[in-house]
Amino acid sequence: MPDINLLDCTLRDGGYLNDWEFGHDNIVNIFERLVSAGVDIIEIGFLNASREYDANRTIFPDARSVNLTYAGLEKGTSMIVGMIDYGTCGIDRMIPASDSFMDGIRVIFKKEKKESAIAFCRQIKELGYKVFAQAVSITSYDDAELMDLIGLVNDLEPYAFSLVDTYGLLHKNQLMHYFEFANEHMSDTIRLGYHSHNNFQLAYANCIEVMEIPDLGRKVVIDGTLYGMGKSAGNAPLELLATYMNDNFGKRYHCSQLLEAIDVTILELYKKIPWGYSFKFFLSASKDCHPNYVSYLMDKKKLSVKSINEVLDKLERSKRLSYDQAYVERLYVEYQKQECDDTVDRKQLREWLEGRDILLLGPGKHVVEQRDRIEAWLEERRTDDPVRISINFIPQGLATDAVFISNAKRYVTLSTKLCQNTDCFRTLATSNVTKASGAFDYVFNYNSLLDEQAMIVDNPMIMMFRLLREAGVRSVSLAGFDGYVKADAPNYINPNMDHSFSREKAAEINQDVRDSIERLGPLGFVLEYITDTLYIERP
């Protein structure tokens, strides 16, 4: 029968969701329930010198602060450990293990810092702590690199060495390869640990695979959290692991205590900040990349999933697991720059629009809420016969002569209506948008319409202004170009179009749009706003 220890890291890994602010009563309740359940190892939080002590949080500036929160609590038979992300808490912040509530320290480190991190682990060990060396992003190691790391680990002789699947990328065969490689080359006295994430819904299943390895010949440490609480897609649920170990390995964990902790504390947190398997984390795991890359591209709300996948495919291997926003922004812009010769289309657009009055319809909520203003404006200009062009949406109850499409994601949602369009309106598109079937009436070179200095380089209103200026129109009147407000207030008639940002960020974007208009220089046409907008600076 394998010798397996169950480690709970709810108070540490779960803290990524709530900035470690569980509340002191909840911290005590979770800890005491874990002790009562007989969990072998309990991780009580992070040590990070940049944080001030707060009795309501499980992130501590030093080892002495841990004593303040947990003083007087009984450990039972559990080993108590804290975690240090190497480089965030120096050895000067530690105290001897004999004076500490903690029995051990888990040190996480990236591949490029492994030598100095192992040296730090040695200093921690000299203070009397049981040391856990935690290799994050284990999938970033090839066999030669892992062999080099194991050599350092064997020389250190820590209490345990853990394989950390930071982004939940491992399937069974890969997991077994890493685990068996480490087991073969590592000293028998060192425990081998596994920390999973649930991006592929495999955290629990992978833990079972590790438990079931026959004749491993060493002790194993398996990580989990209550109800799977943790960053990204979450972790392996501790209560499931404990139940499985009771049923199959003769363990005697008191699972009712774990369920009480979940019922009293964890479910309340889940209602406020849900975690677990999600489309975003599946997508990042399927491309072996940091989830922030997916978040960045999805937050653009301009790319279809197919396009997002194609951008992720362009990530260099060395960049995949270390997020670089400037890098992915460059990839995004390059991907969007689908070059085309639009000379003929621009000429035909001018032939159609030269000298005309234009009504631009945007997807802001005022296009509905202030419909009376639009209709009054149209009534006044019946004899002028303005050309109506909507941008990235098809207005309901308001006829349009053309639809301008610069957003591939929104094109997907409009494609059925566009296919049903039987010459009711013309279609204008930028070259980054690919039509499902047939062809757009006009296609314009995306790259030539960008404002490279702007925060949103491909703002469709600014792109349209460039085209209309070249087409020689007489006037442009806008409705539904509301500007941005903070995230909890709707910006668009379709809530799926909304972005997430603060009030300050919204104001910054509005100013950036004003700056973009100013950078255009002379527009060559009269510009007016029919509905309310934040793009006009209030006095």
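Does Glu351 count as buried or exposed, and at what relative accessibility?

## A glutamate in helix α15

Let's start with that residue. Glu351 sits in helix α15, which covers residues 343–353. Its relative accessibility is 55%, and the cut-off for exposed is over 50%, so Glu351 counts as exposed.

Now look for Phe161 in the structure. In sequence, 190 residues separate Glu351 from Phe161, and in space their C-alpha atoms are 71 Å apart.

The protein chain has a mean pLDDT of 91, with 94% of its residues at 70 or more. Residues 495–499 are a stretch where the pLDDT is below 50, and beyond near neighbours in sequence this stretch has 18 contacts in the model. Where pLDDT is low, the predicted coordinates should not be read in detail.

## Two helices that meet

Two packed helices are described by the angle between their axes and the distance between the axes. The crossing of α8 past α9 is right-handed.

Which residues make the contact? From α8 come Tyr204, Cys207, Ile208 and Met211, while α9 brings Leu240, Leu241, Tyr244, Met245 and Phe249. Sorted by class, this contact of α8 with α9 has nine nonpolar residues, no polar ones and no charged ones.

Definitions and conventions. Residues are numbered from 1 along each chain as its sequence is written. This is a predicted model: local features need pLDDT of at least 70, side-chain atom pairs count only at pLDDT 80 or more; totals for chains, interfaces and linings use all residues. Side-chain values use heavy atoms; hydrogens and water are left out. A crossing is left-handed if the near helix is turned anticlockwise from the far one by less than a right angle, and right-handed if clockwise. Helices (H or I, at least four residues) and strands (E, at least two) are DSSP runs, numbered from the N terminus. Contact means heavy atoms within 4.5 Å. Ala, Val, Leu, Ile, Met, Phe, Trp, Tyr, Cys and Pro count as nonpolar, Asp, Glu, Lys and Arg as charged, and the others, Gly among them, as polar. pLDDT is the predictor's confidence in each residue, from 0 to 100. Buried means under 20% relative accessible area, exposed over 50%, partly exposed in between (1.4 Å probe, protein chains only).
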